[in-house]
Every structure is written in C-alpha cells, then in structure tokens.
Amino acid sequence: MASPRRSVEGRPLGASVSSNTSNPGSPAHGGGSSSRFEFQSLLSSRAAGVDPTSARLRASESPVHRRGSFPVAAAGSSQASPPSLPEEDRIDLNPSFLGIALRSLLAIDLWLSKKLGVCAGESSSWGSVRPLMKLLEISGHGITWLLGTLYCLCRSDSWAGREVLMNLLFALLLDLLVVALIKGLVRRPRPAHNQMDMFVTLSVDKYSFPSGHATRASLVSRFILKHLVLAIPLRVLVVLWAFILGLSRVMLGRHNVTDVAFGFFLGYMQYSIVDYCWLSPHNAPVLFILWNQQ
Ligand SMILES: CC(C)=CCC/C(C)=C/COP(=O)(O)O
C-alpha cells in the first residue's frame, strides 16, 4: 500500500501502521477500529468500486481479521473493545491452545523418559542394575499376583480371609481388563529404547499407555493398606515398593513417565470401584458357596 494515500477517515495510512509496530496480522495487533485490515480492505474496495460499508462487513468476517481481534490479545491493548466472537470461533481457538499444551507435555514426557531410561539396555549407564529392575518387574507382574492370590485363596481357612482374597482376585482381573482395553484403544507405542524382553505378555502389551505394572502397584498397595493390619514400617515398605516399581518401568525403558503417572491414578481409582462393589456372602452368595464346595 502506498503511504501517501489517505483512508476514508482522513488519516494517513502510514500513521496507523507506525503507531503499532507489531505484525498487523498477528493476534497481538488488537482489534481497534482503525486496524490495518480494515484500511486495506476499504482502500482496495474503493479502488475496485465496491461499497465500503459492505467491504467493512466482509473484512470483519474474515478469519484473519477475527484472529487479530482475539479477546486475549485485545485485553493487553489500550483500546480494548473486542467485538463479540461467534460461538464457533471459540470452539476453533480452544483446541489449538490445548493442542499446544498437550504437545509440549508430550515433548517433556519423551525427553524425561529418555533421560530416566538408564537401565534400558545392558550397555546403558545403569545397565548393571537392570537384573534388579527385572526382579521388581516380576514382583508386580499380573501372573505373580494372580497365582499368589489363587494360592492363598486355596490355603485360606477363614471366611473373612476368603472374602478379602476373592475381592483381590476380582480387583486383579478388573485391572487386567481395563488396562487391556485402554492399551488397545490408545495404542501408544512403547519407547523406542525399550527392549521387548518381558516375561509373559498379552498381545496388547506391545502398547505402553497405561503401565499395567503401575496400575497394579497402586491398586494392590491401596488394597493391602486398607485390608491388612500391618506395622508402620511395613506400610511404608508397601508404598515404597509401588513407587519404585513405577519408577523402574521408566528406568527399564518400558514406559514413558505419563504412562506410569496415569497408571498410578487409574489403579487408585480402580480400588474405589472394587471397594464400592465389594463382594461378600451377602451380595454374591453364589461365589462363596461355589468356592466352599471345592
Ligand atoms: C499375562 C498376564 C496375566 C498379564 C500381563 C501383565 C503384563 C506383562 C503387563 C504389562 O505391564 P506394563 O504395561 O507395565 O509393561
């Protein structure tokens, strides 16, 4: 645009541009009535012999113009008089902010997980600790817990003990089902530095979100703390086991940090479901009668 030309309001075009040095197309430009978009639109419409009023209306409908008058940007400007945005604009802009936040979180997640994956291979910086981490892995494995619970259920000779163990079994099965469902839905691949050398896996275990070990650790530890009478040091040990097991998933390179964090949350919530649906001889008599007949 040639600067000597004058706008319809009689102000030189250059004045409008020089009073605001930011990029006129940027959201930070604000939504003042003398915005450059309106000037350009009006000038070009005059040149083309178009009615300025309708041109101004069309300019305010332009997505670029709307972006320039985003309320957040306008709030920072001295001439804050943002035009009211149509509903669909707000829907458009919010996901992009959420998208940026989510992408940043994922980038931090990947970076941190790679940094913490110090036992991902024998040649890694903490490669010598890998066997210990794999022992921890077995301590939180589904098979270990299912077989252990079934064994205790067979050996238990009290109704109260059987009730608790029956519910633990229900909790473990629920956990396997929920984790398999989410892994199958989300399909997040395991970290690139992971070696797939795990002991007995299901087909969905090629996916990483959420960590099944983390859900189990948090579910089982909450279960134990609620239903077993333990001395304080043992209670601390249970919490420590769950925490270190979660951390070991990232150190082994099996998971990203967010897989484990969400796994802890999910396991915690699953316990609430188990507690709510607590099986007892009153609400599930068939289960208990069948077990007693064996
Ligand atoms: C075969 C059975 C009964 C369970 C599989 C348990 C398992 C291997 C879960 C994967 O855990 P992560 O998601 O933490 O790697």
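This is a predicted model: local features need pLDDT of at least 70, side-chain atom pairs count only at pLDDT 80 or more; totals for chains, interfaces and linings use all residues.
Where is the place of G140 in the chain? G140 sits in the loop between α7 (130-139) and α8.

**G140 and its surroundings**

G140 counts as buried because 24 other C-beta atoms lie within 10 Å, where the cut-off for burial is 20 or more. Setting aside neighbours within four places in sequence, G140 is in contact with H213, R216, A217 and L245. G212 is 72 residues away from G140 along the chain, yet their C-alpha atoms are separated by 8.8 Å.

**The ligand shell**

The ligand has 15 residues around it, and G142, T201, S211, G212 and H213 come nearest. Two helices, α8 (142-155) and α10 (212-227), each supply at least two residues of this shell. The largest share comes from α8, with 3 residues.

**Helix α7**

Which residues of α7 are buried? They are R130, M133 and L136. Down the helix axis, the buried residues of α7 fall within an arc of 115 degrees, so they line one face. An α-helix has 3.6 residues a turn, so residues three or four places apart point the same way. The face of α7 turned away from the buried side carries the exposed residues P131, L132, L135 and I138. The cover over the buried residues of α7 includes α11 (232-251).

**The nonpolar core**

The largest nonpolar core holds 27 residues, and L168, A171, F223 and M251 touch the most other members. Two or more residues come from each of α7, α9 (159-186), α10, α11 and α12 (257-276). Helix α9 gives the most to this core, with 6 residues. Leaving aside neighbours within four places in sequence, F223 is in contact with L168, A171 and Y271.

**Annotated spans**

An unreviewed UniProt entry annotates residues 164-186, 228-248 and 260-279 as "transmembrane region". In the model, residues 164-186 are 100% helix and 0% strand, with end C-alpha atoms 32 Å apart. Residues 260-279 are 85% helix and 0% strand, and their end C-alpha atoms are 29 Å apart.

**Overall fold**

How many helices and strands does the chain have? There are 13 helices and 0 strands. Of the 294 residues, 26% count as buried. Among contacts between residues at least 6 apart in sequence, 64% join residues at least 24 apart.

Most residues other than glycine have a negative phi, and most peptide bonds are trans. The loop between α9 and α10 holds R187, V200 and P210. Their backbone values are tabulated here.

| Site | Backbone value |
|---|---|
| R187 | phi near 55 degrees |
| V200 | phi about 40 degrees |
| F209 to P210 | cis, omega near -5 degrees |

Are R187 and V200 buried or exposed? R187 is exposed, because 12 other C-beta atoms lie within 10 Å. V200 also counts as exposed, with 10 C-beta neighbours inside 10 Å. The limit for exposed is 12 or fewer.

Note on methods: Residues are numbered from 1 along each chain as its sequence is written. A residue is near a molecule or strand if its C-beta atom, placed from the backbone, lies within 6 Å of it. Helices (H or I, at least four residues) and strands (E, at least two) are DSSP runs, numbered from the N terminus. Two residues are in contact if their C-beta atoms, placed from the backbone, lie within 7 Å. The arc is that of the directions from the helix axis to the C-beta atoms. A nonpolar core is a set of buried Ala, Val, Leu, Ile, Met, Phe, Trp, Tyr and Cys residues joined through C-beta atoms within 7 Å. UniProt positions are given in the numbering used here, feature names are shortened, and annotations may be inferred rather than shown by experiment.
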